[in-house]
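Let's take a walk through this structure together.

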Amino acid sequence: MNSPQNDPLAEIAHLLPPEMQQQRRLERQAARKQTAERSAAVGAGAVLLALFLKFKTALLFLLGFKWIALGTKLLLSFGTLVVSIFAWAQMFGLWFATGFVLLILVHEMGHVIAIRAYGLKASVPIFVPFFGAFVALKEMPPNSKAAAVIALAGPALGTVGAMACYAIGVYTRAPIWYALASTAFFINLFNLIPIYPLDGGRVAAALFSRTAPIARGDKALLGMQAVSLALLLFVMWRVAGVAAHAT
């Protein structure tokens, strides 16, 4: 805003013609408005700068490459899941294909949970149409026992998913749930065959490893768990299959 110190005409402004006095008043008002706008802009800038300095760590984290990488991985996993559902739907219909692929996801999440429990890193589940899915370990298990537990965790959680489908079938009497349960029981049972690269093959390799042997007690316990799980899966596969044909 103009003042007597920086306005040489301030002292004689009253001697100017009325039209010039009006023009000068408008100029002074415009100057005051411009000064106020500049002050507001400076104040807003100062507030934004203060907020950035206060939360810069959080902002940098949210905008970091880790989130971009995580989003890419999740998009890849979800994309392959959708493609797999579409592929299986051509053979068995949309609803059965959706349930079947989600049951495969449950199986793979068993591996993921066990991997995370050991503090290891792994890829997100990647689905391969007409084959299944896989989770790639980015770090080697610390010992043979951990390798066996990680391999066995997939069929174990997959059995829980199949049991849930069977229970829903008992409650609703809908054949699709028995069919999903029977298929899931069979898939998890098949995975326990002691042939590499199936889960059963990985369990057997860990149990009978000569380079990193497992303690006798742990070997016996894991062996009993694997055999018991296989027997349960076989029985439930037959039971669910009969129920699917009976309804």
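Predicted model: local features only at pLDDT ≥ 70, side-chain atom pairs only at ≥ 80, totals over all residues.

Of the 247 residues in the protein chain, buried ones make up 32%. The accessible surface of the chain comes to about 16000 Å², with 72% of that belonging to carbon and sulfur atoms. As for how the chain meets itself, take the contacts with a separation of 6 or more: residues 24 or more positions apart account for 60% of them.

Now let's look at the largest pocket, which holds about 990 Å³ of space. Its lining counts 40 residues, and those nearest the centre are His111, Pro197, Leu198, Asp199 and Arg202. Two or more lining residues come from each of α3 (94–117), β2, α4, α5 (175–191) and α6 (199–207). Which of these elements gives the most to the lining? That is α3, with 7 residues.

Is glycine 158 buried or exposed? Glycine 158 counts as buried because its relative accessibility is 2%, under the 20% cut-off. Beyond its neighbours within four places in sequence, glycine 158 is in contact with Val106, His107 and Asn188. The C-alpha atom of glycine 158 is also 8.6 Å from that of methionine 109, although the two residues are 49 apart along the chain.

From here, move to the loop between α3 and β1, where you will find serine 123. Serine 123 has a relative accessibility of 18%, so this residue counts as buried too. Its contacts, leaving aside neighbours within four places in sequence, are with Val135, Ala136 and Lys138.

Our last stop is phenylalanine 130, in the loop that runs between β1 (126–128) and β2 (132–134). Why is phenylalanine 130 counted as partly exposed? Its relative accessibility is 44%, which means that it falls between the 20% limit for buried and the 50% limit for exposed. Phenylalanine 130 belongs to a nonpolar patch on the surface, together with Met91, Phe92, Val128, Phe131 and Phe134. The accessible area of this patch is about 660 Å².

How values were computed
Residues numbered from 1 in each chain as written. Heavy atoms only, no water. Patch = residues over 30% accessible without salt bridge, like charges linked within 9 Å, V, L, I, M, F, W, Y side chains within 5 Å. Areas by Shrake-Rupley, 256 points an atom, 1.4 Å probe, with all protein chains shown as cover. Salt bridge = Lys/Arg side-chain N within 4 Å of Asp/Glu carboxyl O. Helix = DSSP H or I, 4+ residues; strand = E, 2+ residues; numbered from the N terminus. Buried < 20%, exposed > 50% of the residue type's maximum accessible area, 1.4 Å probe, protein only. Contact = heavy atoms within 4.5 Å. 1 Å grid on protein atoms, 1.4 Å probe; cavity = no way out; pocket = protein on both sides within 12 Å on 5 of 7 lines; lining within 4 Å. Points joined across faces, edges and corners; volume = space filled by probe spheres on them.
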